[in-house]
Amino acid sequence: ILSMVGGLPIGCKTASDLYENGEISYTQARRMTLFCFCTGPAFTISSVGLYMLGSKKAGTIIYFSLLLSAVTVGVLSRFFEEDNHLYRSVEHNKETDAFSVNLVRSVSSGSSAMLNICAWVIIFSCIIRLVEILPFDESASFFLSCILEVTNGVFLASGNISLPLITGIIGFGGLCGHCQVMPYLVKLRLRYKYFFVARVV
């Protein structure tokens, strides 16, 4: 639900945090990273629908299509591996449950996640600019922009390709989005190829 409302990369981060806190099993966390990777309604309905496509209805159709695909991947992920029921052992004490400690940790964690997102967006914006000035033909440059960073990709795609293909670009999430969740995949020792296949699905 956080992934569906908050967007990238909150779902994968939350799955990793829940495992770190011993609240879900190792297998559950790995499965969740495969499908808790969505764009929120603010981006999909407002930015893509209203601003880029000029249609709130189109944005709403894209959003609910992406939710349906996330649920589908979630159902299919049950065949990924059987739950080994291994939970991380965590010692809870009164100090860690104190409001002040939790507040400091949440602000620190949130700012770290924001910095991670911003850094990757800046890096991939530079890469896209490089793609634009290199001697690629127009179709290759367009394709690379679409798979590198989702916002730029959708902006270029709007008005040029069909709604299902735009939805596919958003569902894939761009390599920039993949890099944002990579720290959580590494923590859970989930091979990137499985995450990549889930994005294609």
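1. The side chains of E81 and R30 form a salt bridge in which the closest N and O atoms are 2.6 Å apart, where a salt bridge is taken as a side-chain nitrogen of Lys or Arg within 4 Å of a carboxyl oxygen of Asp or Glu. This pair links distant parts of the chain, since E81 lies in the loop between α5 and α6 and R30 in helix α3 (residues 26-35), 51 residues apart. R30 is buried at a relative accessible area of 9%, whereas E81 is partly exposed at 25%; buried means under 20% relative accessible area, exposed over 50%, and partly exposed in between, with a 1.4 Å probe and protein chains only.

2. A word on the basis of these points: this is a predicted model, in which local features need pLDDT of at least 70 and side-chain atom pairs count only at pLDDT 80 or more, while totals for chains, interfaces and linings use all residues. Residues are numbered from 1 along each chain as its sequence is written, and side-chain values use heavy atoms, with hydrogens and water left out.

3. The count of salt bridges comes to 3, and two further pairs can be described beside the one above. In helix α2, D17 and K13 stand 4 residues apart, about one turn of the helix, and their side chains meet at 2.8 Å, N to O; K13 is buried at 11% relative accessible area, while D17 is partly exposed at 27%. In helix α6, E132 and R129 are 3 residues apart, again separated by about one helical turn, and they meet in a salt bridge at 3.2 Å, N to O. Here E132 is partly exposed at 43% relative accessibility, and R129 is partly exposed at 48%.

4. The structure holds 8 aromatic pairs, a pair being rings of Phe, Tyr and Trp (its six-membered ring) whose centres lie within 6.5 Å, with planes under 30 degrees apart counted as stacked, over 60 as edge-to-face and the rest as tilted. One of them joins Y19 and Y26 in a tilted arrangement, 5.7 Å centre to centre with 55° between the planes; Y19 is buried at 14% relative accessibility, and Y26 is buried at 18%. Another brings together F80 and Y194, whose ring centres are 5.2 Å apart and whose planes stand at 70°, so the pair is edge-to-face. That pair links distant parts of the chain, with F80 in the loop between α5 and α6 (99-133) and Y194 in helix α11, 114 residues apart. F80 is partly exposed at 25%, and Y194 is partly exposed at 34%.

5. Further aromatic residues, F37, F172, Y192, F195 and F196, form one aromatic cluster. Arginines also lie over aromatic faces: R199 sits over F195 at 5.3 Å from the ring centre, and R78 lies over the face of F79, at 5.3 Å from the ring centre. A charge is taken to sit over a ring if NZ of Lys or CZ of Arg is within 6 Å of the ring centre and within 35 degrees of the ring normal.

6. On the surface, L76, F79, F196, V197, V200 and V201 form a nonpolar patch with about 600 Å² of accessible area together. Its largest share, 3 residues, comes from helix α11 (residues 192-200), while L76 belongs to helix α5 (residues 56-76) and is partly exposed at 46% relative accessibility. Patches are made of residues with over 30% relative accessible area and no salt bridge, like charges being joined within 9 Å and nonpolar side chains (Val, Leu, Ile, Met, Phe, Trp, Tyr) within 5 Å.

7. How many disulfides does the structure hold? There are 0, a disulfide being a pair of cysteine sulfur atoms within 2.5 Å. For C12, which is in no disulfide, the nearest cysteine sulfur is that of C36, 6.8 Å away, and C12 is buried with a relative accessible area of 0%. The sulfur of C126 is 11 Å from the closest cysteine sulfur, in C176, which is too far for a bond; C126 is exposed at 52%.

8. Two backbone details deserve a look. The peptide bond from L8 to P9 is cis, with omega near -10°, and P9 lies in the loop between α1 (2-6) and α2 (10-20). R189 has a positive phi of about 55° although it is not a glycine; R189 is placed in the loop between α10 (174-187) and α11 and is exposed, with a relative accessible area of 69%.

Key:
Areas by Shrake-Rupley, 256 points an atom, 1.4 Å probe, with all protein chains shown as cover. Helix = DSSP H or I, 4+ residues; strand = E, 2+ residues; numbered from the N terminus.
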